[in-house]
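Here is a short briefing to read alongside the model. Take a moment to turn the structure around, then work through the topics below.

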Amino acid sequence: MQVDWEHLKYLNGFGNHFSSEDPRCPNSLPKDQNTPQVCPYGLYAEQLSGTAFTAPREANQRIWFYRILPAVLHEPFSSIKSELLTNRWDLSEPNPNQTRWKPFLIPSVDDEKKNFLDSLATVCGAGDPCSRHGASISIYACNSSMDNRAFCNADGDMLIVPQHGSLYITTECGRMLVKPQEICVIQQGIRFSVAVDQPSRGYVLEVFDNHFCLPSLGPIGANGLANPRDFETPAAWYEDRDCDFTVVHKYQGSLFQSLQNHSCFDVVAWHGNYAPYKYDLRKFVVINSVSVDHLDPSIFTVLTCPSSKPGTAIADFVIFPPRWSVQEHTFRPPYYHRNCMSEFMGLITGKYEAKEEGFQAGGATLHSCMTPHGPDADCFEKATKDELKPMRIAEGSLAFMFESSLSFALTTWSMTTCQRVDHDYFKCWSSLVKHFTGPK
Ligand SMILES: [Fe+2]
C-alpha cells in the first residue's frame, strides 16, 4: 500500500500522555490496565522506560507498546565496525581554534549506496555514555534508505536537523515526515528507520544525560518560543511483515547488530509519554529586544537538555529565524564574545546575519569554550554605519546552534578525513582595525 506521507496524522502536544491505536485494530489498547492476562488481538505488552521507575512524577517517562512480537525476539548482538560514529574523544589532540566547515559532501545517486545510519559521522563531542553524561554532534549525508534495518540508540536521545532532503521516518510509535526547517527528537531506546527520496544531509545532536524539554519561560509568561501544541508525535502504525530484519544497536559508543525474522515496527497500539516528536521551526514565536541592545541567544531556545547545574544545559537547541530588528542606537548583529559554553552552528538555508560569506548552508562552525568570536570585519563595518530603521533580518534564512556546557573534542573525521575544514576561517576577522580615537 502506498503511504501518503504528506497527510499522516499526528498527536499534538509536548510531553503529553498519549494513547494511540492503529485504526485497523480498534480497541487494541487494553482497558483500565497495562498488562492484562491476555491482550486484545493476542498482542504482547512491553514497557519502554525513559526514566528510572522511581523518577519524580513530573519527570517520569515511559511508554507501553502492544506489539505482535516482543522486542526480545532476536538473535544475539554481534559487534559491527563503526568507523565514523564515535564517542571516543581521546583519539585526537585538543584544538581550541575557531573552526568552520564548508558544506559537508552529499553522495550523489550514482555513488556507492549509503543510508542515514551508515553515513553518520561524528564531528565533536564530550563525555561518556557509560556514565550517562555528555553529548555528541554528527553529520549524516546519505543517498539511500534503511531497508529492513532499524537503529536503536541505547546511549541517548537524538535531535535530528535535516538540512537537505526530507526524512521519511518509521518508528515503533508510528511514522513521521520531517522536512528541512523541521526537526525531530527520537529518544533513547526507540527503534527507528530512515528512508530518503533523494541524496540528503543534516545534523544530529545526541545527549546522554537527560531528555530534551522545553525551556522555562520565566517573565516571558505562559506563551512564546516553541509552543507545546505545535509538537507532533506519530500515531500508531504497524506492519506484520516477516523478513530478514536487522536492528543496529548503539551501546556504550559502539555499534552492534541483531538479526530477526520480522519487522520491528509491529506496534499496533501504545500509550505513554515517551514517544518521538517533530516540530516545524517556522512556528517558533520569536522574542527580542524592542528598545536597545542585542540580547543573548538563549531567547531563541527551542529545546534544552538540562544538566544537574541549574540553568546550565548539556545542550540547548537554538535557532535564528527570520524576525524584525528594531533596537535603537544598538550594534545589532551578535556582539563579540567569549563563552564558557561550546557553540556549534549549522545553517539550514540562506545566509547567516553575522557572516554573509563563508558560512554556507550544509556547513558548520564550532566556537569552543572561551575561544573568541563575533561578527566578521565586513559585518562590523556595515552594522556601525547602518541606518537603524526597523528592518527584517535573516529573511529566507535559518541558522541554528547546539550550545553546550561541555568542552567539545573534535574527531579525526571532522578535522582531517572529511576534508571540509576551511583553513582560512580566521581571516574573516583579520581586517578588523582600531577605531580608537585616543584621549581627547
Ligand atoms: Fe557565540
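In what order do the six strands of the open sheet lie, and what is the sense of their pairing? The order is β6-β25-β24-β27-β22-β21, and the pairing is antiparallel. Please keep in mind that this is a predicted model, in which local features need pLDDT of at least 70, side-chain atom pairs count only at pLDDT 80 or more, and totals for chains, interfaces and linings use all residues. Residues are numbered from 1 along each chain as its sequence is written.

**The open sheet**
- β6 (99-101) and β21 (301-306) are the edge strands, each with a single partner, so one side of each has no neighbour in the sheet.
- From one strand to the next, the twist averages 15 degrees (axes are lines fitted to C-alpha atoms, for helices over the stretch in contact, and angles run from 0 to 180 degrees between N-to-C directions).
- Inside the sheet, β24 (residues 342-349) pairs with β25 (residues 364-367) in the antiparallel sense over four bridges, and Met345 stands opposite Thr365 in β25.
- A word on terms: strands (E, at least two residues) and helices (H or I, at least four) are DSSP runs numbered from the N terminus, and two strands pair if DSSP finds at least two bridges between them.

**The annotated binding site**
- The unreviewed UniProt entry gives the annotation "binding site" to His337, Glu343 and His373; UniProt positions are in the numbering used here, feature names are shortened, and annotations may be inferred rather than shown by experiment.
- These residues span 37 residues in sequence, yet no two of their C-alpha atoms are more than 11.5 Å apart, so they gather at one spot.
- Glu343 lies in strand β24 and is buried, with 21 other C-beta atoms within 10 Å.
- Buried means that 20 or more other C-beta atoms lie within 10 Å of a residue's own, exposed means 12 or fewer, and partly exposed is in between, with C-beta atoms placed from the backbone.
- Leaving aside neighbours within four places in sequence, Glu343 is in contact (C-beta atoms, placed from the backbone, within 7 Å) with His367, Met401 and Glu403.
- His373 sits in the loop between β25 and α2 (377-383), and it is buried, with 22 C-beta neighbours inside 10 Å.
- Not counting residues up to four places away in sequence, His373 touches Gln98 and His367.

**Strand β7 and its partners**
- Seven of the eight residues of β7 (residues 121-128) are buried.
- One partner is β8 (residues 133-142), joined in the antiparallel sense over seven bridges, with Ile139 in β8 as the bridge partner of Ala121.
- The hairpin of β7 and β8 has four residues between the strands, and Arg132 there takes a positive phi near 55 degrees.
- β7 also pairs with β28 (residues 409-410), antiparallel and over two bridges, where Gly125 stands opposite Ala409.

**The largest nonpolar core**
- Which residues touch the most other members of this core? They are Leu159, Ile160 and Phe400, out of 107 residues.
- Strand β22 (residues 313-320) gives the most to this core, with seven residues.
- A nonpolar core is a set of buried Ala, Val, Leu, Ile, Met, Phe, Trp, Tyr and Cys residues joined through C-beta atoms within 7 Å.
- Leaving aside neighbours within four places in sequence, the contacts of Ile160 include Leu167, Val178 and Ile183.

Methods: Two residues are in contact if their C-beta atoms, placed from the backbone, lie within 7 Å.
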